[in-house]
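Dear colleague,

Please find below the sequence and structure that I am handing over to you. My notes on the findings follow directly after them.

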Amino acid sequence: MSDIQERISQLCPSATFEEGETLMVNVEEKDWYGLAKALKETKGLEFDVLSAVIGMDWKESLGVIYYLTSTSRGWEMIAVKVQVTDRVNPMIHSVSDLWKVANFQEREVYDFYGIKFINHPDMRRFFLRNDWKGYPLRKDYDADPKLNPIPTEDEKNEDDTVSYVEGKDGKIKAVPGKVFEENDYVVNIGPQHPSTHGVMRFRAAVDGETVKKVDVVSGYIHRGIEKLCEGLTYPQALHFTDRMDYMSAHQNRHCLCMCIEKAMGLEVPRRAQVIRVMMDELMRISSHLLSFGCTAMDLGATTAFFYGFREREMVLDIFEKTCGARMSMNYNVIGGVIADIHPDFVKDVKELIRIMPERLKEYHKVFSGNIIAMNRLKKVGHLSKEDAINYDITGPSGRGSNWSCDCRKVHPYSIYSELDFEEVLLDGCDSYSRYMVRMKEIEQSCKILEQLVDRIPEGDIRAQVPKVIKLPKGRWYQQVEASRGTFGVYIESTGEKNPYRLHFQSPCFNLVGVMNLTCSGYMIADLITIGAALDFVIPDIDR
Amino acid sequence: MEVKIKGMKHEDFKDNAYIDKLVDELNATGANVMVGKLDQLINWGIANSLWPLCFGTSCCAIEFMSLGAARYDMARFGFEVARNSPRQADYIMVQGTIVHRMAPVLRRLYEQLAEPKYVIACGGCAVSGGPFKNSYCVVPGVEHILPVDVFIPGCPPRPEAMFYGLMQLQRKIKVQKFFGGVNRQEKINDFFAKHPEERGRID
């Protein structure tokens, strides 16, 4: 840790450091871009992944916290804090040219906090309507419904954008721009479209049938979860995680619980750990089965959809018996799990493991080996490994580009370090690889379940926790491998019983960020299959 | 007169008082034998071939997919042909939270449905805003923007609950009056009379 500190001091003498869970570098705004460039490019540092961009309002200042990861240094993480005191016109240099993932992340920060990013190519709102008044995540936001009533008029298509460009003399001027070129033929897809996997809207500029550019319009299910969490206690905030990526409900909730437990210094009983991991893997199977079904259905193969759902119902039955619900299980709690497993749990899981290999063969026979599926998925939606890293595409989609990014391997949490499973990597870099990674991950999840199902230890299912949970002052960041990639939770606490800031870093947010890259140059019909193979869940993007 | 649904007894429904009230209303106004019989025939037809519009914004939509899959199989009741275009659908089942950005879109979709059209608010979010009620950009229940026929609570509702709600819609349809004083149409008109500015603005 100290060697990084030394090297950063050399690169940027004005930087100050805060020790904590991860090293926090405080850097002045004017030095930020230079330091970012150095952190990314200096040999021996090479922070090539921008894991999280978190907007903050500390009342006397606004700012952004960046979590950077260096894959070459064994996935070491540091945090960088940039602050500005100007509340009227806050400006921070954009790093979207260094890490492409920052493009959408910074738009999110602009949307929530009104921080403008200098040299960002496209500074528009992301989630909220473009006529929205105020910046909702600021602490002094006026939530009067009269200011922002329920709209009755469609918003205008936003074709104009703005970029704040810094000139040679250091002066910043707003340069207006256009989202599409003058003679582009733009096709609107969504928000009510069955194959966008939710209420996502794409505007695609097409040249004949070839896609030239995809503009993502998000926010049709933006519910403001992060702001809501700030007003709730920690146990109350838990239930939102099940409703973001509902196909990774257990993993997301596991992540938030772990983050809180880490902050409290709470030891989770072994039995609870094992149950949690088993639930996570069951959830992954259920998610990948749904993904299989939907990918097939998007290609017109309705039968395969029924096959996927047949097995998914088995998983849901297991959830229902133990958790009491088919979806939105609300199972993990701080310190463990809410209820013990059902007496049938072991039997049901064994049955699932027994039939899965057979059924997977059936899927491959029905769909994976099908000539239509191969033609539609193979060599479509190219995403190179470099781009996957730069856009922080984790999960099955990243591993389909041969990027070893499984959080269960690189930052082992809970009991994953003791388990024997393979990280599935394929180097096709196309939709088919992403799809096949999912199918193979089902096998790996079954392998994990097989190791655990007979070895669920006896003991408590949750640790003793105080009635009122207060976290000490500080900040924590926790990542887990959700069904679609690395899911992160950032908590900043001031010592109260509710979080000062709770940020969810969702994997799908990054996935939708590559839609423009992966779709450009392919047919408009491929846009649907590329989206299906990336497999994003919209409420996870919008939060 | 009793409203019959195949496979479900009258006493199995929990809110018969409401349907009985609709039956009384229907009886009180009276109808020509011919028109009455024709009414029954048309309503029987509509009630047994309700085509939904695919409109799922979040978790409830996944449960709706389960409804379409083999185990629950909504095709048994004539709900199966989920349409992607509102022009071809009979009802809109709002599955999930409606936020400010979505509200005008939902209204437009509703206006695009062909008459007779129905609205089901499915799940806590569509009923009342659910856990997101206090958020800065969530519509606290779709009844603020649409006239709702059936509410299905749950987060998300079980597929069985969705069936129950859909059967309630069938029962409501079976007592509606297609010719003459259409009690449903009046209600819709009342709703838009109370929300005048919206109807004018959305084309």
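Which residues touch the most other members of the largest nonpolar core? They are Val64(A), Ile92(B), Val94(B) and Ile120(B), in a core of 205 residues. A nonpolar core here is a set of buried Ala, Val, Leu, Ile, Met, Phe, Trp, Tyr and Cys residues joined through C-beta atoms within 7 Å. A residue is buried if 20 or more other C-beta atoms lie within 10 Å of its own, exposed if 12 or fewer, and partly exposed in between, with C-beta atoms placed from the backbone.

The model is predicted: local features need pLDDT of at least 70, side-chain atom pairs count only at pLDDT 80 or more, and totals for chains, interfaces and linings use all residues. Residues are numbered from 1 along each chain as its sequence is written, while chains are lettered from A and ligands numbered from 1 in the order in which they are written.

Helices (H or I, at least four residues) and strands (E, at least two) are DSSP runs, numbered from the N terminus. Because domain 1 (2–179) and domain 2 (225–536) of chain A both contribute residues to the core, it lies between them. These bounds come from an automatic or database domain assignment.

The C-alpha centres of domain 1 of chain A and domain 2 of chain A are 28 Å apart. Their contact involves 19 residues from domain 1 of chain A and 20 residues from domain 2 of chain A, two residues being in contact if their C-beta atoms, placed from the backbone, lie within 7 Å. On the side of domain 1 of chain A that touches domain 2 of chain A, strand E3 (49–57) and helix H3 (102–113) of chain A each supply at least two residues. E3(A) gives the most to that side, with 6 residues. The residues of that side comprise 12 nonpolar, 4 polar and 3 charged; Ala, Val, Leu, Ile, Met, Phe, Trp, Tyr, Cys and Pro count as nonpolar, Asp, Glu, Lys and Arg as charged, and the others, Gly among them, as polar.

E3(A) runs antiparallel to E4(A), and 8 bridges join them; strands pair if DSSP finds at least two bridges between them. Ala52(A) stands opposite Tyr67(A) in E4(A). The two strands E3(A) and E4(A) form a hairpin with 4 residues between them, and Lys59(A) in the turn has a positive phi of about 70°. Strand E4 (residues 62–70) of chain A has 8 of its 9 residues buried.

E4(A) is also joined by 9 bridges to strand E5 (residues 76–84) of chain A, again antiparallel. Leu62(A) has Val84(A) in E5(A) as its bridge partner.

Between the chains, 34 residues of chain A are in contact with 40 residues of chain B. H9(A) gives the most to the side of chain A that touches chain B, with 4 residues. The residues of that side divide into 16 nonpolar, 9 polar and 9 charged.

In helix H18 (residues 524–534) of chain A, 9 of the 11 residues are buried, among them Asp526(A) and Leu534(A). Asp535(A), with a positive phi near 60°, follows H18(A).

With kind regards
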